[in-house]
Amino acid sequence: MTETATHCPYCAFQCAMTLSPAPAGSPEPLTVDGRDFPTNRGGLCKKGWTSGALLGETDRLTAPLFRTADGGFEEVEWDVALDRIADAVRQSREEHGPDSVGIFGGGGLTNEKAYQLGKFARLALGTSRIDYNGRFCMSSAAAAANRSFGVDRGLPFPVEDLDAATTVLILGSNMADTMPPFLSHLQGARAAGGLIVVDPRRSSTARLTDDGAGLHLQPAPGTDLELLLGLLHIVIAERLVDETFIAERTTGYAALRRSVAAWWPERVQSVTGVPTDLLRRVARRLASGGGTYILTGRGVEQHVNGTDTATAAINLALVLGLPGSTDSGYGTMTGQGNGQGGREHGQKCDQLPGYRKIVDPAAREHVAGVWGVDPAIIPGPGLPAVEMLASLGREGGVRTLFVHGANVVISAPNAGEVRDALTRLDLLVVSDFFLSETARYADIVLPVLQWAEEEGTMTNLEGRVIRRRKAIDPPAGARSELWILAELARRLEAPGRYDLDPALVFDELARASAGGIADYSGLSHELLDTEVAAYWPFPVGSTGTPRLFLDRFGHADGRARLVPVRATAHPERPTEPGQLTLITGRLLEHYQSGSQTRRVAELADSQPELRAEIHPTTARDRGLADGELITVENHRGTVVARVTTSTGIRPETIFLPFHFADDASANLLTSDATDPISAMPEFKTAIVTVHAIGAVAALETVGASV
């Protein structure tokens, strides 16, 4: 093996790295080094540096597994497993209809696999029931961008543009922990004293505002929308708006101005807890000149009003004239490795490749032509993730479920209900490279390839399409998901072509995307191998689009929409003494459900267990001490955590990371109420109580976990 240039298997920053043969005797097959690239500039985080360890894990799956009568698993041959799956699909369709078969995909799949999975669902299974875990990540940001701009691309500008920024407002993102190499692009704003972070916690990112580097706004959980309405009110009242931009490039300003008239600073302070003088300082700073960016993340989007909150942030950016500029802008921080590409090419229940709407007759005709089928056989829109999971095993719901690249028993809201739902299925098929927590519920587990064992492409948070390259051979029994889908399609006598070569699949994806919003038609593996800066849309004959909106927005008239939004009550608020608002988030050492990072010794040793962060006053009032085991509970579930006190969190809140399993899974407590526009669940404001476990119970709990 020679050196292989590729990208990290984790977040959407997709840091560039070089993989080399490990020295003799090394427990890992590869050595990982950072590679110079415009995004990470040679840097990696802890997760990236240790990513090679996953490739040498001893619990890697290398043969299909069947559930046995005693609840365990036994290895079977591939033909046996695939024949059984195909038979079950046929039976389910005959007895319950094609929508009784469903697919739950993932934002970490390559573009090729995401595309083929959507095609497989619609043609081989004939089902509309496909959605993916990006519904839990980017759906509100995407819905807001689509209705305001007419286009959804996480960052509609290269991340390098942030280098020259003097003011950056970050709402609900802790990139210092989630993607540390991103911080190199914030140094200019910090040096200018213009880094502004909105977060109920004094997170690692919020602490970057210390020593005059910026401001930290610490609103009460669930009040981000009111905060943004207040900033809009100040900007308009003090005539800080860009009147020329508003007149020439937007519609709807008069209605927007009326909609924020009632959100004067004193009222906003009473709701959010953010002082009026701080609100005014932020509004004036944002309007102080060029080099200003507004960035949103999951902290303000994972709510039942997440689409409206992201829309309010876009409204603020638009009235200041930021989008479409060469030195300012608005963007949202995509989370999962291929969260952008994963939603563009067919995993979402209402979309076809190229970010086309599945209900658009022209879109259906175009994609059907590429697939070689009659448009009439392509199903219509299906159910978004939460609704689909709730339907499992029920009358009229999904009876046979495929899971690819997701760990829903940890990542889904109200996870206890999801666990129960999985047990109602007639058949659960999970494709994974480890026996994840979701795979433990499966009837059949299929071993698939890891990141360094396959070719493909990813689309990072900038909309830049990049190459993932194979560096080592997989274990003999593991198979590519492209092969699995092709074999099942053959058994099901499905129409369409199912190539095994990722380059050929990408070529078909490019044709299917041609003319769509996310047009990849000018791209190929061959071109991407030249390291071209490939920002979509990249139609045939173009050089790509690093900066969207310079001349026009995505709506037919070329103008952005200023969309008035209203603050509405959240579904849950504390109503009794002792109740706290749970906020959830990430740790530096772990990623998503932790199925990968909890297997890396260096990461697991650094963060081995669930810790509940609470304010010292909150702990004292409840008689709790640092390091004590507690239960955090509500009507949905109970988790066990260890107390960590911090003055960096608001006294009425408690913070739990969501990377842990079993009775340490934070999503046992979160709500599955959803945003009516995006179907995003309410992850961030569950109401809980905390209780000391007690000395005897604590010893039993610790002993049981050893």
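These legends go with several close-up views of a predicted model.

Some ground rules before we zoom in: residues count from 1 along each chain as its sequence is written, and side-chain values use heavy atoms, with hydrogens and water left out. Because the model is predicted, local features need pLDDT of at least 70 and side-chain atom pairs count only at pLDDT 80 or more, while totals for chains, interfaces and linings use all residues.

View 1. The protein averages a pLDDT of 95, and 98% of the residues score at least 70. Now look at residues 695-699, where pLDDT stays under 50 and the model has two contacts beyond four places in sequence (a contact means heavy atoms within 4.5 Å). Residues 701-706 also stay under 50, with five contacts beyond four places in sequence.

**View 2. Three strands make an open sheet.** The order is β1-β2-β3, and the pairing is antiparallel. Strands are DSSP runs of E with at least two residues, helices are runs of H or I with at least four, and both are numbered from the N terminus. Two strands pair if DSSP finds at least two bridges between them. β1 (4-7) and β3 (30-34) stand at the edges with a single partner strand each, so one side of each has no neighbour in the sheet. From one strand to the next, the twist averages 35°. Angles like this run from 0 to 180 degrees between N-to-C directions, and axes are lines fitted to C-alpha atoms, for helices over the stretch in contact.

**View 3. Seven strands line up in another open sheet.** The order reads β5-β4-β18-β17-β16-β6-β7, with mixed pairing. At the edges you'll find β5 (73-75) and β7 (130-132), each with a single partner strand, so one side of each is left without a neighbour in the sheet. The twist averages 20° from one strand to the next. β6 (residues 101-105) and β7 run parallel, joined by three bridges, and F104 has D131 of β7 as its bridge partner. Helix α2 (residues 78-96) packs on the sheet, touching β4, β6, β16, β17 and β18, and its direction makes about 130° with that of β18.

View 4. β19 and β20 form a hairpin with five residues between them, and G463 in the turn has a positive phi of about 80°. Four bridges join β19 (residues 456-459) to β20, and the two run antiparallel. G456 has R468 as its bridge partner in β20. Along β20 (residues 465-468), V465 and R467 point one way and I466 and R468 the other, yet all are buried (buried means under 20% relative accessible area, exposed over 50%, partly exposed in between, with a 1.4 Å probe and protein chains only).

**View 5. Two helices pack together.** α7 (residues 224-237) and α11 (residues 276-286) meet at an angle of about 65°, with their axes 9 Å apart. On the α7 side, the contact is made by L227, L231, I234 and V235, and on the α11 side by L279, R280, V282 and A283.

**View 6. L169 and its contacts.** L169 is found in strand β8 (residues 167-171) and is buried, with a relative accessible area of 1%. Not counting residues up to four places away in sequence, L169 touches I196, V198, L286, Y293, I294, L295 and L316.

Technical notes. pLDDT = per-residue confidence, 0-100.
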